[in-house]
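Hello,

Please find the structure below. My notes on it follow.

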Amino acid sequence: MMMHSNALNTNQIMRQVMYALVLGIGAAYYFFGWGVILQITLAVVTAVVVESAFLSLRKLPVKPAVSDGSAILSAILLAISIPSIAPWWIVVIGVAFAIIFGKQLYGGLGNNPFNPAMLGYAFLLISYPLQMTTWAGEFLGLSQVIDIIFNLTSVDALSGATQLDEVKTQLALGKVVAELDVHSISQAWINVGFLLGGLYLIVRKIITWHIPVAFITGMVVISSILYFINDQIYLPMQDHLMLGATMLGAFFIATDPVSASTTPKGRLIYGFLIGVLVIIIRVFGGYPDGVAFAVLLMNITVPLIDYYTQPKVFGK
Amino acid sequence: MLNQSFNGGVVIDNPHPVDTVGIVSAPLPDKVVLPLQQRIGDEAIPCVKVGDKVLTGQVIAKTEDHFCVPIHASISGKVVSIDKQIIPHKSGLKSKCITIESDGKDQWAEYKGCGTDFLHCDQATMIEYIQSSGIVGLGGAGFPAHAKLEGIQDCHTLIINGTECEPGIMCDDALMQHHPREVIRGVEILLHICGAQRAIIAVEDDKQEALNSLLMYCHNERISIEQIPTKYTSGAEKLLIKALLDIEIPSGGFAIDTGVICQNVATTKAIFDAVVDNRPLVSRIVTVTGSGVESPNNYEVRLGASFEHIVSMSKPNTHQHTIRMGGMMMGVDVKTTSVPICKITNCIFVNKLETKPSTQECIRCGQCNQACPVDLLPQQLYWYAKSEDTDKAMDYNLADCIECRCCDYVCPSHIPLAEYFSFAKALHRKTTEDQYRTDIARERFEFREYRLERNKQERTEMMAAKKEELKKKMANDKVQKDKIAAAMARVKKTKKANDDA
Ligand code: SF4
Ligand code: SF4
């Protein structure tokens, strides 16, 4: 009996999200080169191996769980969040951590309170801050990247810090915002890529607009307030929107349904507060970008948000 | 057209549409099986014995309870047995039934009602006729119609539900197209009984023919006909009232609490027959549809005839079938087509056997809460139902779930959510009230079966995969062994050659 709508099933949803990532990944490839692709490949292989191994250990059927695509998606999200020239073991450790501690130990897909990719990312950032903040400065070819990732050459010549990092350093040196060149063509294009992919997901009804819109609103509101208070040391909101992992975070990371709030009103609150936290961490925190920590912090509050934002039930 | 509606719901096209919605009169069945247990109330007590001759419309069983309606013979002939038979219920249990074998004459017992100028009859007489004719809600609920009409005060609006409760069902559409006069006159009778100022007949906006034929016969300014959007669960009483009047029946309350009475169109027509002629209800219109029949259709058929009697007229194809009474969403699966048609049988779905897509974990995507017509959070309910934490589930308003399965329908992980909810409800009842002990046992048993079945399936899949792997490995090993053997043979040969030399 046809008891299910013709809408997408869970596996297809995961696949659609991966397709939507293509534009952003393409932009990253254009600016940073083969490292991006290589990191994704390493991440996906690690995810499949770790997930399969863990499922066999738990004596659960491997194939359905691996083919639902959720582990692969987490791996891709983590891979595009880390520097494209990070050594190979960074991504391997990060993905393994994400799958085991972010997902499987909680009982697998659907049971994890934290966004696995961001848990992996946070773990890496705390443990290996140097490797996690050294970015490629230019397009790198495949052989160059292989040399770097597998530790055959030193990276110094080809790398730099991210724009957000740079801004921080410069401000610390006493410069004011007006003197800085904060615009980064590469980061702007990558953000545009993820923005377009995200809009595709909304059009395809794979995600709802609530979280991304609230996320961006949160960022705009708080950064505008700060900028209004002191435009010498705080960036204007348009720079914040086009730097770092903003769009990736708004459309792909904060929207991970499993670890996000699930009520319509709750999603607005959840998204908004993540946006606010991202700016606060960027501006006042010790790390260059705030998406991962903002998402993880808000993950903790989800049960509370969900409980207090239940829709009004018919007739109540 | 309306502007208010309820949230959620799902739009499902009729999966097996027909060009013209007709009604075929099914031939008299050779025998009928009439269950003594009705939807509500105690089991009726037979007032005939095996061997008795009965006339069509003759009362053959009744209860003392004024709330219940008597049971009538639906054909004339001979009572051949009074015993337990399988009835169309999801438990598949047997229940006591009276079986009548037809004499082929269809001789009716006498009846006499208010006549066509029924307005001279008083309300009490009308209600009595409605009861003695055996009218119950024909939309699927089976609630005795007279019980809904007795002692009414302050009813301002009467709603006549002309929406098919579910996609695929066409019997009410057919009734409105072919008996519009009786429906309109039935509404007038109901207005007379309940004293409401106005009546609204609700028709879905894709049923233009039904609307037109009703309009043709409707010359009463107290009766209006409204179109409502065709979406699933519009037919549910509370949601229909919300859509038409923007009144929300309080959770746990009834329509009459807000001054509204709701009746289904088929019930309205039956009420017309009952009041004008006091003719007992011995037949109803049933839709036969589904992927398992070549020509879906509506049949006017005697109560107690077997499902098979009309399914065979819709040309079932040769595949293996599943049989479902009621709609694809809220109906119940029955095991065979030998069960009898009863007053609540609005539709028989005959479907080709299909493998269900396998269930996956909930990813909290929120599709389900967008589809829920009563604005629940099925994903949260599921979480607590699964862990049998019924208190928490009740906190999330489990009790308000109408088990419409809209959430199941949209869930990308194909979780049978409503099944979990009905289980959780039963579990909750158990912890609060002991009298439901048997109920829960059944639910639990069924649910356990389902779980066991699912586990088994998963295990078999796993075993199959393992076997496959083993086979491959063995094949591999064999290749290896062959290779080694070949190498050994070669070594031997060379050695021998060397030795020879
Ligand atoms: S639709 Fe299914 S997968 Fe999505 S939140 Fe609801 S129960 Fe979970
Ligand atoms: S079955 Fe219950 S929870 Fe699911 S959509 Fe219907 S009312 Fe909502």
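A residue counts as buried when its relative accessible area is under 20%, as exposed when it is over 50%, and as partly exposed in between. By that rule, buried residues make up 55% of the 316 residues in chain A. Please bear in mind that this is a predicted model.

**Chain A overall**

Chain A has 15 helices and two strands. Its C-alpha atoms fill a box of roughly 65 × 50 × 30 Å along the principal axes. Does the radius of gyration agree with a compact globule, or disagree? It agrees: for 316 residues such a globule would come near 20 Å, and chain A has 20 Å.

**Salt bridges**

Over all chains, the structure holds 17 salt bridges. Side chains of opposite charge can pair when their charged atoms come close. Here are some of the pairs.

Start with K103(A) and E51(A). They form a salt bridge, and the closest N and O atoms are 3.3 Å apart. K103(A) sits in the loop between α5 (88-102) and α6 (116-127) of chain A, while E51(A) belongs to helix α2 (residues 34-57) of chain A, so the pair ties together parts that are 52 residues apart in sequence. Both K103(A) and E51(A) are buried.

Next, R185(B) and E188(B). Their salt bridge has its closest N and O atoms 3.0 Å apart. Both residues lie in helix α4 (residues 180-194) of chain B, three residues apart, which is about one turn of the helix. How do the two partners differ in burial? R185(B) is partly exposed, because its relative accessibility is 27%. E188(B) counts as buried, because its value is 19% and the cut-off is under 20%.

Then D246(B) and K242(B). This salt bridge has its closest N and O atoms 3.1 Å apart. D246(B) is partly exposed, with a relative accessible area of 40%. K242(B) is buried, at 14%. Which residues are linked with them in a network of salt bridges? K312(A) and E248(B) are; the network consists of K312(A), K242(B), D246(B) and E248(B).

**A charged patch on chain B**

D42(B), E43(B), E64(B) and D65(B) form a negative surface patch. One of them, D65(B), lies in the loop between β5 (59-62) and β6 (71-72) of chain B. D65(B) is partly exposed, because its relative accessible area is 33%, and that is the class between 20% and 50%.

Best regards

Terms used. Residues are numbered from 1 along each chain as its sequence is written. Chains are lettered from A and ligands numbered from 1 in the order in which they are written. This is a predicted model: local features need pLDDT of at least 70, side-chain atom pairs count only at pLDDT 80 or more; totals for chains, interfaces and linings use all residues. Side-chain values use heavy atoms; hydrogens and water are left out. Patches are made of residues with over 30% relative accessible area and no salt bridge: like charges are joined within 9 Å, nonpolar side chains (Val, Leu, Ile, Met, Phe, Trp, Tyr) within 5 Å. Accessible areas come from the Shrake-Rupley method with a 1.4 Å probe; for residues, only the protein chains shown count as cover. A salt bridge is a side-chain nitrogen of Lys or Arg within 4 Å of a carboxyl oxygen of Asp or Glu. Lys and Arg count as positive and Asp and Glu as negative; His and the chain ends are not counted. The place of a charge is taken as NZ of Lys, CZ of Arg, CG of Asp or CD of Glu. Helices (H or I, at least four residues) and strands (E, at least two) are DSSP runs, numbered from the N terminus. Buried means under 20% relative accessible area, exposed over 50%, partly exposed in between (1.4 Å probe, protein chains only). The radius of gyration is taken over C-alpha atoms; the globule rule is 2.2 Å times the number of residues to the power 0.38.
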